[in-house]
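The sequence and the structure are shown first.

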Amino acid sequence: MNIQIEKIYKSLVILNAFISLIITINILSKNNYNLDNVSIGLLVLLVYAGIWFFSLYKIYNFKKLGLKLYITLVILGLIFNILSNITYLNKILYIFTITEHMVIGSILTFSFFFKIKSKFS
């Protein structure tokens with residue numbers, strides 16, 4: 001397998017983690033979530049984010065479990081976005097979310113349509 005493709009793939013996963021971290025922190029700060037006032041929304045967000053970053057770690061290391069979790073979370077995230085109030089999106093955060101969606105599409109494309117798919121165990 002081409003080492004260059006693997007480097008690009010891993011860079012996309014790292015970029016996805018970075019953008020996801022920025023978005024998660026922004027959502028937490030905009031919604032005034034704090035650990036003193038634990039709510040269902042905060043718990044769902046923290047569990048979702050934890051599994052999201054775990055799946056990124058796993059796909060970075062080419063594990064099929066990570067890829068399955070990632071796809072499941074992308075679909076679940078789409079449902080969350082449809083049901084949520086997106087008024088917290090300012091222009092910069094909107095650009096981050098669009099960029100994240102392009103990166104997610106790239107990761108899925110590499111995972112299923114490039115020779116890199118043979119590395120997943």
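Predicted model: local features only at pLDDT ≥ 70, side-chain atom pairs only at ≥ 80, totals over all residues.

Residues are numbered from 1 along each chain as its sequence is written, and side-chain values use heavy atoms, with hydrogens and water left out.

The chain has 4 helices and 0 strands, where helices (H or I, at least four residues) and strands (E, at least two) are DSSP runs numbered from the N terminus. Its C-alpha atoms fill a box of roughly 50 × 30 × 20 Å along the principal axes. Of the 121 residues, 31% count as buried, a term for under 20% relative accessible area, with exposed set at over 50% and partly exposed in between (1.4 Å probe, protein chains only).

Two packed helices are described by the angle between their axes and the distance between the axes. Helix α1 (residues 3–30) and α2 pack at about 170 degrees with axes 10 Å apart; the axes are lines fitted to C-alpha atoms over the stretch in contact, and angles run from 0 to 180 degrees between N-to-C directions. The two helices α1 and α2 are therefore roughly antiparallel, the class for angles over 145 degrees.

Aromatic rings of Phe, Tyr and Trp (its six-membered ring) pair if their centres lie within 6.5 Å, and planes under 30 degrees apart count as stacked, over 60 as edge-to-face and the rest as tilted. By this rule the count comes to 8 aromatic pairs, including the two below.

| Pair | Geometry | Centre to centre | Angle between planes |
|---|---|---|---|
| Phe62 and Phe120 | edge-to-face | 5.5 Å | 80 degrees |
| Phe110 and Phe114 | stacked | 4.5 Å | 15 degrees |

Both Phe62 and Phe120 are buried. Phe110 counts as buried because its relative accessibility is 13%, whereas Phe114, at 33%, counts as partly exposed. Tyr9, Phe62, Phe110, Phe114 and Phe120 form one aromatic cluster.

Technical notes
Parallel < 35°, antiparallel > 145°, perpendicular 65-115°, else oblique.
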